[in-house]
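Let's take a walk through this structure together. Have a look at it first, and then we'll go through it piece by piece.

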Amino acid sequence: MSHYKTVAELGAMLRSGETTPTRLAREALERLDSVGRELNAVVTLTEERAMREAEQAERELREGIDRGPLHGIPYGAKDLLAAVGYPTSWGAAPYKDQIFDYDATVIRKLREAGAVLVAKLAMIELAGGAGYEQPNATFTGPTGVPWNREAWSGGSSSGSGAAVAAGCVPFAIGSETAGSIHSPANNCGLTGLRPTYGRVSRHGAMALSWTMDKLGPMARTAHDCGLVLDAIAGPDPADPSTLPQHYRYPSEAVPAPPYRFGVVESELENAQPEVVENFRQSVEALREFGSVETVELPDYPYTEATSVIIRAEMASAFEELIRGGKVRELTAPEDRINPYSALAIPAVDYLRAMRLRAKMCRDWDALLSRYDALLTPTMPNVAPPIDVHFASFDSSRRRRTFGSAVNLTGVPGIAVMNGFGERGLPTSLCITGRTGSENTLIAIANAYQSVTDWHTLTPDI
Amino acid sequence: MKEGIRHMADPKLVDAVLAQIRASLDHEIEDEHIERVRKGIDDKLDQAERVRKYPLENGDEPFTVFRAYREES
């Protein structure tokens, strides 16, 4: 069986003849249909397309055509990415039958790299833009954590996290506006890479916040995240925010150890004890690869500016939904009401937040230029129970200064599992770097995963 | 940002913003949801006030990807 194999391992199996693209696709479809559906991780199985793409990949391998590390590898995509032939629901009941007649750039690039789309995966409605306050905020129901099905897999890339962690697919594509890759990576014990804003084209992806939306890979290892990012990154005329630089992984232009690490102690203040303990052990493990010092973040109203910007852009992106009343068809009761107030954010408030954001970006770049990476827990807590409002779980830990800051400034970060906390749930280490430093972050995460084995553990499911 | 005392907006301002929102909708907000919308308005006014406390110079511009457009032939 190929469950829990990495992209790199599956690639070796494909090339040795130990398995085939069609066999991998069938195994992924079967596991998604059973385990994936039990977890509420799946919106749509793309079986016909998957088998067609797998058969092509198989035929090409037989003919000696090799498209690279993703050739013949099955994957799932968050259901906010357009894919020809299947609905793209954005996780929201009002859009559940929506069809696009083109592939999102990310889906197209993965197809060109030989990867096989097997499923559209569950997500929080509108990627959380309506201000959800509980796991039950999507028409497909809350997604469980493979390590503990009574816990929530995180959001908004809920299904992407659960499907990879449950061994349904070796990688999935998620999106992050303000934590939506790192939250499920934390809750499910995965490696999740939030690329630099503009690294990956957003064309064909649901827009929640044009200036903050990012797409990125979720996989078992940092190396796999690099392989996927290599396939999906790059400039795209269809997305004017894409960076002009081409991205390549692996790359020889990566700084070697010793690295300079900065630890953001303030992020430990409200964290659960096990999260703090596992973080301290992670930092000790990384001392083998560099020096560590404590850093303080520039003082800005990160969470407030994030809220003003996302809410204003969300209200514009979904103005017809809100004004027309279809917002009342969303699943979470609060999501049917919260968007109204965003209709009245003055342009001067939005622009003030955007002007302040430019100053934040400069100050953060000055800070990050002194380090190879900042180290923090990915989240201050493990996954909450699947059936409670967040406020009743741990409201004191909901204020996410660092998470807001890194998304406002658009800098990359990679989350890696670093242990277990309460209820047998994963905890996670976050490695954050300067704009464009993905390969440095992957190298550091690779180093961490070379001396630890958390990423190799699998849930009993 | 250091935690500060939460700014409570003038109820008259909240009412005015609420009236603006209601007038712009194609439907009525149900009565039992009005208090929650008021709370949302108050939160956003508070967030904007906190952002406003950070000084900006006239030359502090936002980043933008706007570009004058001409289709390549």
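A residue is called buried if 20 or more other C-beta atoms lie within 10 Å of its own, exposed if 12 or fewer do, and partly exposed in between, with C-beta atoms placed from the backbone. Take Trp90(A): it has 26 C-beta neighbours inside 10 Å, so it counts as buried. Before going on, a word on what you're looking at: this is a predicted model, in which local features need pLDDT of at least 70 and side-chain atom pairs count only at pLDDT 80 or more, while totals for chains, interfaces and linings use all residues. Residues are numbered from 1 along each chain as its sequence is written, and chains are lettered from A and ligands numbered from 1 in the order in which they are written.

Back to Trp90(A), which lies in the loop between strand 2 (74–78) and helix 4 (105–112) of chain A. Helices here are DSSP runs of H or I with at least four residues, strands are runs of E with at least two, and both are numbered from the N terminus. The backbone at Trp90(A) has a positive phi, near 55°, in a residue other than glycine. Ala127(A) isn't a glycine either, and its phi is positive too, at about 55°. You'll find Ala127(A) in the loop between strand 3 (116–121) and strand 4 (144–145) of chain A. Ala127(A) has 30 C-beta neighbours inside 10 Å, so it is buried.

Where are the cis peptide bonds? One joins Gly155(A) and Ser156(A), with omega about 10°, and Ser156(A) sits in the loop between strand 5 (148–152) and helix 5 (158–165) of chain A. Another cis bond runs from Pro257(A) to Pro258(A), with omega near 5°. Pro258(A) belongs to the loop between helix 7 (222–232) and strand 9 (259–263) of chain A.

Now for the inside. A nonpolar core is a set of buried Ala, Val, Leu, Ile, Met, Phe, Trp, Tyr and Cys residues joined through C-beta atoms within 7 Å. The largest one has 153 residues, and Tyr75(A), Val118(A) and Ala163(A) have the most contacts inside it. Helix 9 of chain A gives this core its largest share, 8 residues. Two residues are in contact if their C-beta atoms, placed from the backbone, lie within 7 Å. Leaving aside neighbours within four places in sequence, Ala163(A) has contacts that include Leu32(A), Gly76(A), Ala119(A) and Val169(A).

The residues that make the contact include Ala305(A) and Val308(A) of helix 9 and Tyr350(A) and Ala353(A) of helix 12 of chain A.

What covers helix 14 of chain A? The cover over its buried residues includes helix 9, helix 12, strand 6 (171–176) and strand 11 (373–377) of chain A. In helix 14 (residues 401–409) of chain A, 8 of the 9 residues are buried, so this helix is largely enclosed by the rest of the structure. Gly410(A) follows helix 14 of chain A and has a positive phi, near 75°.

Finally, there's chain B, with 2 helices and 0 strands. Of its 73 residues, 16% count as buried. The contact takes 31 residues from chain A and 29 residues from chain B. Helix 12 of chain A gives the largest share, 10 residues, of the side of chain A that touches chain B.
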